[in-house]
Amino acid sequence: VKLYTPDASDSFGGFALLVHDEAPAVSDQLRIEGVNTDARGGCVRFGPDLLSTQDEFELAADIVARVLG
């Protein structure tokens with residue numbers, strides 16, 4: 001899985017980007033599975049919240065793994 005991370009720490013934001021050739025379709029499938037994402041510029045964009053729990057992160061990771069097959 002290729003993730004985009006900026007080199008400069010001042011470019012960090014509140015999103016995690018998953019690079020994928022079929023980002024819109026992956027994002028759509030993740031939303032169907034209950035993981036809220038959107039697709040921009042060839043990336044699936046995740047916007048975790050400060051209130052997201054460890055269990056929610058783990059569940060989302062499991063769903064992403066299943067969707068990506």
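Strand β3 (residues 37-40) pairs with β4 in the antiparallel sense over four bridges. Pairing requires at least two DSSP bridges between two strands. Strands are DSSP runs of E with at least two residues, helices are runs of H or I with at least four, and both are numbered from the N terminus. The model is predicted: local features need pLDDT of at least 70, side-chain atom pairs count only at pLDDT 80 or more, and totals for chains, interfaces and linings use all residues. Residues are numbered from 1 along each chain as its sequence is written, and side-chain values use heavy atoms, without hydrogens and water.

**Strand β4 and its partners**

β3 and β4 form a hairpin with two residues between them. Glycine 41 sits in the turn, with a positive phi of about 55 degrees. β4 also pairs with β2, again antiparallel and over four bridges.

| Residue | Opposite residue in β4 |
|---|---|
| Alanine 39 | Valine 44 |
| Valine 19 | Cysteine 43 |

From β4 (residues 43-46), Cys43 and Arg45 point one way and Val44 and Phe46 the other. All are buried, meaning under 20% relative accessible area with a 1.4 Å probe and protein chains only (exposed is over 50%, partly exposed in between).

Why does arginine 45 count as buried? Its relative accessibility is 18%. Arginine 45 touches Phe15, Ala16, Leu17, Thr37, Asp38 and Arg40, not counting residues up to four places away in sequence. Contact means heavy atoms within 4.5 Å. With the neighbours within four places in sequence left aside, phenylalanine 46 contacts Gly14, Phe15, Ala16, Leu18, Leu30, Val35, Thr37 and Val64.

**The nonpolar core**

The largest nonpolar core has nine residues: Leu18, Ala23, Val26, Leu30, Val35, Val44, Phe46, Ile63 and Val64. α1 gives the most, with three residues. Such a core is a set of buried Ala, Val, Leu, Ile, Met, Phe, Trp, Tyr and Cys residues joined through side-chain atoms within 4.5 Å.

**The largest pocket**

The largest pocket has a volume of about 580 Å³. Of its 22 lining residues, Val35, Phe46, Phe57, Ala60 and Ala61 are the closest to the centre. A pocket is an open set of points on a 1 Å grid over the protein atoms alone, where a 1.4 Å probe fits, with protein on both sides within 12 Å along at least five of seven lines; lining residues have an atom within 4 Å of a point. β2 (16-19) and α2 (54-68) each supply at least two lining residues. α2 gives the most, with nine.

Notes:
Points joined across faces, edges and corners; volume = space filled by probe spheres on them.
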